[in-house]
Amino acid sequence: MVSIFEVNFLGPDGDIAALYVDGPSKDGVQLDALPYLRLRPSAFESEDWVFVENHEDDNGTGHFNEGWMPAWAIGDPIPSPPQVISSKAVTFGAVRNEIDVSGTIGIKIAAEYLIALFLIENQVDLSQDPAEDDYPVNNPIPDPDAKGPFCVTTAQWDAFLAVEGARLSWSGPFLKELALPQMRCAAWHTRQNWKAMGVSLGGSADDPYVARFLDLFLAHLIGAKAAAEVIKLERDGSGLSKFIKTIVRDSNSWSDTAPELVALFKNRASYLGPLKTTGGTVGGLTRISTFLDTCRDVLAPALAYARELVNLHLPGFAIEYSDRMAAAFGEADQEFGDWQQDGGWTEQTDPGFTRAKEYFEATDFPNGSIAIGADGELTHWCGAFVAACIKKAGGKPPAGAAAAANWRKWGDASLPAKDGSNVPQGAVVMTAGNQGTSRISHVNFFVEWAGDGVHYIGLGGNQSDAVTRAPFKIENIADIRVLAGKTTADVSGSDEDIMARTLYGEISTVATSEDQIKNVADVILNRFINGYRSDGSIAGTCLKHKQFSCWNPGTSARRRLEALPGSDQAGYDKALAFAQQYIAERLADPEAPQPLEGAHHYHNHDVNPDWVVPANMVVNDGLHKFYKDIA
């Protein structure tokens, strides 16, 4: 990539090259030019003037002077060496975005998607061994303002910084050129696209739109408005022969010759094909069906490669699973066997009709009634089937378990990576896109991957009017929920030890008062006493997957806790003494009114998670805000 140029100091009329700060003229503040300069886009550029910044600091203060120079001052280009990023850095960066960022924003962008986006945009050879460490940034987009590992433009970067810049303390223009800041920006724009598509596709706060990786990729390529229109046509199964140009143009209210449309087709020609305008540009027009096939063909292998990188570099990102999942799957498999009797039961006649109704007894469906269709058949009983199997195995279904969408509330962890080695039998899978809707419309148990790279096998009810094992499209998976045991990293010790480490990691090093430490301890003990996301022990409550961020797998915070006391014997001893004393105090009278009104949740003072209900806040201690009655 060429971005730096030598300066011609002497002009054709004997003028000396200089940098003009106040505009494209020789009026105003004038600075000396350095030997090298970097071009920058500007709305004020003309044939005679260009906007630049000095490549090197001229006064040692870290300030990069910028302004306008006569066009004749541009000398020979100096090729910049390609930016190189390691596969480990890409993987760690993507996982950090998934773990850290999603907790404050609410919409989780899976690590595998961000890695896949990097692989695609930089044309990484997916036939190479994932263990090969270095990937050059090799972006083929013609627009010089969209160069970089994630094709982030200046406008996108500025929009991102306007919202996130202050929180991140990011301001330097050089950050836009770096891979991991660009990844953070790309993740932020992906969330904005997700929200915008949800509005167009009928989602709401109570029933949000469930985006496939494919949907996110479409929005990345053509914008949220056009992507939503393509998804609608795909969902309806009609209009797929329309030209993608028509959809992009009309959804944005552009003309055939709009500069934005021309630039988009130029930058994304490999997906959209050449743009044919009234001026007669050579080439044909790509239809929506072809565009979708191209996107799938590019995205699927990149996602598979991304999963390999996560497994290679962060095997601790996996979790161990509760035995209750296997038990629930066993109950489901026994039900499946019953439904195979006598040539196969169906929901229309007994004994299938009566058995299906019985599943609702495991739910809180209003008045115990069930939905009956116009022809007398049961409708929407997939959630009730999963609830019945889990309840028989000693588990607890979520509130509203009869509705498939409410299974998003169940379990301890979500599995974003749809990889056979990471998904156990009995995991609860929710799918979207069935029957012409983008919302979660079905729930079943995971059996296995079909082996064709396209489907998984799901065991569930209300599948062809019965309990069956049937294939479902992987790309329609909205979420995979699991019951977690402890994380794979081995942490031994008593309840007091684990709670002390948790307090050390969450609060002890920043607290200015004992009350601030006690408030976090109260959340842990409230959860333990109430059985909220607890395996029946204080240690297990602390170690629940992704509940207390200091224990998140693969993080430096967790490694620091596991190394305690290490170099901070005094800090560990202080936390341990507090944990021992306070556990004894609370458990001496577990029936006493609970501190913080029984709060189970808190967050750092300077973030705003999507789960927050302001009316439910009970304490703000200056470091954290604490909430009661959060599901």
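Helices here are DSSP runs of H or I with at least four residues, strands are runs of E with at least two, and both are numbered from the N terminus. This is a predicted model, in which local features need pLDDT of at least 70, side-chain atom pairs count only at pLDDT 80 or more, and totals for chains, interfaces and linings use all residues. Residues are numbered from 1 along each chain as its sequence is written, and side-chain values use heavy atoms, with hydrogens and water left out.

Let's start with the loops. Ser-253 sits in the loop between helix 7 (244-251) and helix 8 (259-267). Its phi is near 55°, a positive value in a residue other than glycine. Asp-342, in the loop between helix 11 and helix 12, also isn't a glycine and has a positive phi of about 55°. For context, most residues other than glycine have a negative phi, and most peptide bonds are trans.

Ser-253 has a relative accessible area of 69%, so it is exposed. Asp-342 comes in at 71% relative accessibility, so it counts as exposed too.

Then there are the cis peptide bonds. One runs from Asp-350 to Pro-351, with omega near 10°, and Pro-351 lies in the loop between helix 11 (323-339) and helix 12. Another joins Leu-564 and Pro-565, with omega about 0°. Pro-565 is in the loop between helix 17 (556-563) and helix 18 (569-587).

**Aromatic pairs**

Now for the rings. Rings of Phe, Tyr and Trp (its six-membered ring) pair if their centres lie within 6.5 Å; planes under 30 degrees apart count as stacked, over 60 as edge-to-face, and the rest as tilted. By this rule the count comes to 21 aromatic pairs. Here are examples:

| Pair | Geometry | Centre to centre | Angle between planes |
|---|---|---|---|
| Phe-118 and Tyr-135 | tilted | 6.2 Å | 40° |
| Tyr-359 and Phe-385 | edge-to-face | 5.3 Å | 80° |

What does the Phe-118 and Tyr-135 pair tie together? Phe-118 belongs to helix 2 (residues 111-121) and Tyr-135 to strand 9 (residues 134-136), so the pair links parts that are 17 residues apart in sequence. Phe-118 is buried because its relative accessibility is 0%. Tyr-135, with a relative accessible area of 1%, is buried as well.

Tyr-359 and Phe-385 are both buried. They also belong to one aromatic cluster, along with Trp-339, Trp-345, Trp-381 and Phe-445.

**Two buried polar residues**

His-442 is in strand 13 (residues 440-449). At 4% relative accessibility, His-442 counts as buried. Its side chain makes a polar contact of 3.0 Å with that of Gln-463. (A polar contact is a pair of N or O atoms within 3.5 Å; within protein, one must be able to donate a hydrogen and the other to accept it, and residues adjacent in sequence count only if both atoms are side-chain atoms.)

Arg-184, for its part, is in helix 4 (residues 179-200). With a relative accessible area of 12%, Arg-184 is buried. Its C-alpha atom is 9.6 Å from that of Arg-96, and these residues are 88 apart along the chain.

In which order do the three strands of the open sheet run? The order is 18-20-19, and the pairing is antiparallel; two strands pair if DSSP finds at least two bridges between them. Strand 18 (601-604) and strand 19 (617-620) are the edge strands, each with a single partner, so one side of each has no neighbour in the sheet. From one strand to the next, the twist averages 20°. Strand 18 is joined to strand 20 (residues 624-627) by four bridges, and His-603 stands opposite Lys-625 in strand 20.

**A helix crossing**

Finally, the axes of helix 6 (residues 224-236) and helix 7 come within 8 Å and cross at roughly 130°. Axes are lines fitted to C-alpha atoms, for helices over the stretch in contact, and angles run from 0 to 180 degrees between N-to-C directions. That makes helix 6 oblique to helix 7 (under 35 degrees counts as roughly parallel, over 145 as roughly antiparallel, 65 to 115 as roughly perpendicular, and the rest as oblique).

Terms used: Buried means under 20% relative accessible area, exposed over 50%, partly exposed in between (1.4 Å probe, protein chains only).
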